[in-house]
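I open these notes to record what I looked up in this structure, entry by entry.

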Amino acid sequence: MQVNFLSYVQLTSLALPSLTESKGSLVVVSSLLGRVPRSFSSPYSAAKFASDSFFGSLRRELDVQDVNVAITMCVLGLWDRASAAEGVRGVTRAKAALGPKAALAVIRGGATRAPSVFYPWRFHLLCLLRAWLPRPRAWFIRQEFNVTAA
């Protein structure tokens, strides 16, 4: 919680006065696990859900106050870091996304002041399925998960 949520809140509260004055942008890098819960990731998912909720609420508060600070939520899937790959080896069938491509998506989203960025793009569909079709969503998640290795 300290790293994946509270540090974001602390840094945002310190930067917000400057961002408000300069009409700046805030780019928040989050995870698919902050939108779609998954087995064996409860603490991490909880922190990412909290982050998503906090920044969504902050975006609404700034909008109501007519403050011109853009908040871009970047929802990333598994990407090809050695530590991430080692942590999920044999547990997931999901393919890791290329780090430079994910970074480019984050930069593009921040530069265009987009409200959200999903990388890879198919995760946006999964997030939409979460609300509309919960049973098929669960089936898709199970297809990428190797229960025997967990």
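Entry 1. Leaving aside its neighbours within four places in sequence, with which residues is valine 67 in contact? I worked on a predicted model, and there I found valine 67 in contact with Thr20 and Leu62. I then located valine 67 in the loop between H2 and S2. I also looked up the C-alpha atoms of valine 67 and threonine 20: they are separated by 6.6 Å, although the two residues stand 47 residues apart along the chain.

Entry 2. I turned to helix H2, which covers residues 42-64. I checked its length: at 1.5 Å a residue, its 23 residues should span 33 Å, and the end C-alpha atoms are 33 Å apart, so the two agree. After H2, I noted aspartate 66, which has a positive phi near 60 degrees.

Entry 3. Which residues of H2 are buried? I listed Ser45, Ala47, Lys48, Ala50, Ser51, Asp52, Phe55, Leu58, Arg59 and Leu62. I recorded that what covers these buried residues includes helix H1 (2-22), strand S1 (25-31) and strand S2 (70-76).

Entry 4. I next traced the open sheet of 3 strands, whose order is S1-S2-S3 and whose pairing is parallel. S1 and strand S3 (116-119) are at the edges with a single partner strand each, so one side of each has no neighbour in the sheet. Neighbouring strands here are turned by 15 degrees against each other on average, direction ignored.

Entry 5. How many bridges join S2 to S3? I found 4, between strands that run parallel. For leucine 76, I noted tyrosine 119 as its bridge partner in S3.

Terms used
Residues numbered from 1 in each chain as written. Predicted model: local features only at pLDDT ≥ 70, side-chain atom pairs only at ≥ 80, totals over all residues. Heavy atoms only, no water. Helix = DSSP H or I, 4+ residues; strand = E, 2+ residues; numbered from the N terminus. Expected span 1.5 Å × (residues − 1). Buried < 20%, exposed > 50% of the residue type's maximum accessible area, 1.4 Å probe, protein only. Contact = heavy atoms within 4.5 Å. Pairing = 2+ DSSP bridges. Axes fitted to C-alpha atoms, helices over the stretch in contact; angles between N-to-C directions.
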